[in-house]
Amino acid sequence: MSTVNTMRAISQDDLGGPEVLKEVQVPRPEPRTNEVLVRVRAAGVNPTDWKHRATGGFLGKPPFVLGWDVSGVVEAVGIGVARFKPGDEVFGMLSYPFGHGSHAEYVSAPARWFAHKPASIDHTEAGALPLVSLTAWQALVEYADLQPGQRVLIHAAAGGVGHVAVQIAKARGAYVIGTASAGKHDFLRGIGVDEAIDYRETEFTEAVKDVDVVLDTIGGETSTRSLRVLRPGGIVVSILPIGSDEFHEEAERLGVRSLRMLVDASHSGMEAIAALVEAGKLSATIAGTFPLADAAEAHALGDTGRTTGKLVLTVD
Ligand SMILES: NC(=O)c1ccc[n+]([C@@H]2O[C@H](COP(=O)([O-])OP(=O)(O)OC[C@H]3O[C@@H](n4cnc5c(N)ncnc54)[C@H](OP(=O)(O)O)[C@@H]3O)[C@@H](O)[C@H]2O)c1
């Protein structure tokens, strides 16, 4: 039970497995200038959450509260906020990586990181979408400039990023090839994949060619091998931001492009995502929902690397 000045949050004092996560009481934030205080109703859990839990990643030593996805209700606004008012339903992604902290009852953050939640979806779905959709939007649209009729290969097309990337690519009029284990191919076809590849049985470099854009969600050797399926001038956008120079050197040798990126908080990106949702072209598949207090269970499931769609924490 929280008092008016405190709130529940999921924090950790140590790095490690899901068991390091614990519910704590922390001061409830106040909205500063240009910020909205959002009462969190749902927040996605992403691989970056379980990676930071285990390694500290960009954040270093705990304690810290993880979580970048938010869907909720504006509780109060700081001076200067013109876009939203108390009671508005909003969704957004906190600035990556240092704006973290949505796995809590409230979060205060710049208003420009949010958009109005589409009325057609509930908070659970809205809380699942921001980080993965912004990642896919920035990779496919902003960096790769994906055009109608182009061929795109999406690795891990059933995953959190992959399943929204497929829908964004289809909305752009692209021909979509996706990789997943065979049991997920019906799911892939259901979200619009034109060609599904079982990466466990088939070497994708043998099965795919003349691709304009690859979305690499795997990293390592997959980044470099993906360059081989491109047509001249094509691009691999890798969302694994750290890797060997060989990726870029090989791209230069082959006359193709290579790029590594990190997702960035964005109001215009959130507006674009909201528009796709409202047009019925983008939805989130929910792999599981967990009350905030059970965040460790969500992390444990995510840690398997086998989920289809998104894991979401819900906050009463
Ligand atoms: N740079 C950025 O800003 C950014 C943003 C978002 C995510 N990421 C990173 O991108 C990666 C993917 O994120 P996510 O949210 O999509 O993860 P996720 O939801 O946990 O991905 C799970 C999916 O990956 C599939 N998979 C695992 N290994 C595969 C392989 N070798 N080939 C094809 N599919 C495979 C699994 O399908 P099967 O069960 O069929 O194997 C499962 O459906 C993570 O490493 C994450 O940290 C980076």
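Which residue in β12 does V152 stand opposite? The legends below cover this and other close-up views.

The model is predicted, so local features need pLDDT of at least 70 and side-chain atom pairs count only at pLDDT 80 or more, while totals for chains, interfaces and linings use all residues. Residues are numbered from 1 along each chain as its sequence is written, and side-chain values use heavy atoms, with hydrogens and water left out.

**View 1. Strand β9 and its partners β10 and β12.** V152 stands opposite V213 in β12. β9 (residues 151-154) and β12 (residues 211-216) are parallel and share three bridges; strands pair if DSSP finds at least two bridges between them. With β10 (residues 175-180), β9 pairs in the parallel sense over four bridges, and R151 has Y175 as its bridge partner. Helices (H or I, at least four residues) and strands (E, at least two) are DSSP runs, numbered from the N terminus.

**View 2. The aromatic cluster of F58, W68 and Y96.** Rings of Phe, Tyr and Trp (its six-membered ring) pair if their centres lie within 6.5 Å; planes under 30 degrees apart count as stacked, over 60 as edge-to-face and the rest as tilted. F58 and Y96 are edge-to-face, with centres 6.1 Å apart and planes at 90°. W68 and Y96 form a tilted pair, 5.1 Å centre to centre with 50° between the planes.

**View 3. R28 over the face of Y106.** R28 lies 4.4 Å from the ring centre of Y106. A charge sits over a ring if NZ of Lys or CZ of Arg is within 6 Å of the ring centre and within 35 degrees of the ring normal.
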